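Subject: Structure for you to look at

Hello,

Here is the structure I said I would pass on.

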Amino acid sequence: MTLTDFRTLGRSGLVVSPLALGTMTFGTARWGSDDEVSQAVFTAYVEAGGNFIDTADVYSGGRSEEMLGGYVAARKLRDQLVLATKFGFGAQPGNPNAGGNGRKQIYRALEGSLRRLKTDYVDMYWLHVWDTVTPAAEVLQTLGDLVRAGKIRYFGLSDMPAWYATQLATLAQAHGVPGPIAMQLEYSLVERTTEREHVPAARALGLGVVP
Amino acid sequence: MAGKYERGGPAAQPASGEGRLSGANPFGTTKFTDQNWRILEALRGVAGQLGPPPAQVALAWALAQQGITAPIIGASRVAQVQDNIAALGLSLSPAHLQELAQASAPAPTFPYAIFTPELNRAAVFGGTSVQGWQ
């Protein structure tokens, strides 16, 4: 198998490589890489045929998105790449509406991500972390509105209980509206507890799993 | 699993190495457990037999699991990207997959330990075996 043996992300029409490039290292001082190395990492992945790149608004305080947006624009690759970013972790001390999963925060976070990524849409928008309080229906309505507005193409959930993902996906199915297409979870030889609830829920609901 | 860490003492410095887990990070030192060092040992054993770096074998294991679409690789060097991409060409044998699965199996917790073919047969379906949809 190679990076161009593409597959759909969950039960959707979004086509991705079987390995995604994470960019949490981009611009991270201690354990990551500087601009030159980050660009070389990006280039190596893209030249090997990869199309699925993952970042988040909080990575390096926004610097990861800026660097990625610059590399994509410089090589004119926006149409070919599936760009994924995330909202949810707090961005401003003292401001509860600059973090979490509420409608006000999601709109704020997305505007910042689009600006830093130098694009007018995100292909895959992830809820980065469950905030424990926002109702599933509000998240679903907000993200569905962003799909209809053309600001995002698809969405998914990261670091959340399986029941919460199940609630969103089931509501979406029942109402015939855009629903989540994937879960992003820690999953490896040293973290297999997501096999109990999350992976079976993903299978039952047609969600892909991106570990 | 990228070979960045070696087992150290039991207390404040449970491991030595240069990586994200060596300093401030969201996991603290929680990844340096006895269980995880045992998993690493099994991983190094399989990698040693096959030749590729342990991280590549760990990625090949994840790729082989049902329901997994696209693992996210994180690289701070170009060589790591290439090593990781090579995992797509690494197909682990059923015996090696089984060995890694056994070494990494999470401890059983309620109620998941109940949902086994053996218990289903003996205690639910009157001693017969039932094949479900899928």
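In which helix of chain A is Glu65(A) found? Glu65(A) lies in helix H2 of chain A. Helices (H or I, at least four residues) and strands (E, at least two) are DSSP runs, numbered from the N terminus.

Before the rest, some ground rules. This is a predicted model, in which local features need pLDDT of at least 70 and side-chain atom pairs count only at pLDDT 80 or more, while totals for chains, interfaces and linings use all residues. Residues are numbered from 1 along each chain as its sequence is written, chains are lettered from A and ligands numbered from 1 in the order in which they are written, and side-chain values use heavy atoms, with hydrogens and water left out.

Back to Glu65(A). Is Glu65(A) buried or exposed? Glu65(A) counts as buried because its relative accessibility is 0%; buried means under 20% relative accessible area, exposed over 50%, and partly exposed in between (1.4 Å probe, protein chains only). Leaving aside neighbours within four places in sequence, the residues in contact with Glu65(A) include Thr85(A), Arg116(A) and Leu117(A). Contact means heavy atoms within 4.5 Å.

Chain A as a whole

Chain A has six helices and nine strands. Its C-alpha trace spans about 45 × 45 × 35 Å along the principal axes. Of its 211 residues, 57% count as buried. Among contacts in chain A between residues at least 6 apart in sequence, 73% join residues at least 24 apart.

Strand E5 of chain A

Strand E5 (residues 82-87) of chain A is mostly covered, with six of its six residues buried. Val82(A), Ala84(A) and Lys86(A) point one way from E5(A), and Leu83(A), Thr85(A) and Phe87(A) point the other way.

E5(A) pairs with strand E4 (residues 52-54) of chain A in the parallel sense over three bridges; two strands pair if DSSP finds at least two bridges between them. Here Val82(A) is the bridge partner of Phe52(A). E5(A) also pairs in the parallel sense with strand E6 (residues 122-127) of chain A, over four bridges, and Phe87(A) stands opposite Leu127(A) in E6(A).

Two right-handed β-α-β units involve E5(A): one is made by E4(A), helix H2 (residues 63-74) of chain A and E5(A), and the other by E5(A), helix H3 (residues 103-117) of chain A and E6(A). A crossover is right-handed if, with the strands pointing away from the viewer, the path from the first strand over the helix to the second runs clockwise.

The core and chain B

The largest nonpolar core has 89 residues, and among those that touch the most other members are Phe52(A) and Ile53(A). A nonpolar core is a set of buried Ala, Val, Leu, Ile, Met, Phe, Trp, Tyr and Cys residues joined through side-chain atoms within 4.5 Å. Helix H2 (residues 54-63) of chain B gives the most to this core, with seven residues.

Eight of the ten residues of H2(B) are buried, so this helix is largely enclosed by the rest of the structure. Trp61(B) is one of the buried residues. The cover over them includes helix H1 (34-50) and helix H4 (94-104) of chain B.

Chain B has five helices and three strands, running β-β-α-α-β-α-α-α from the N terminus. Of its 134 residues, 32% count as buried.

Regards
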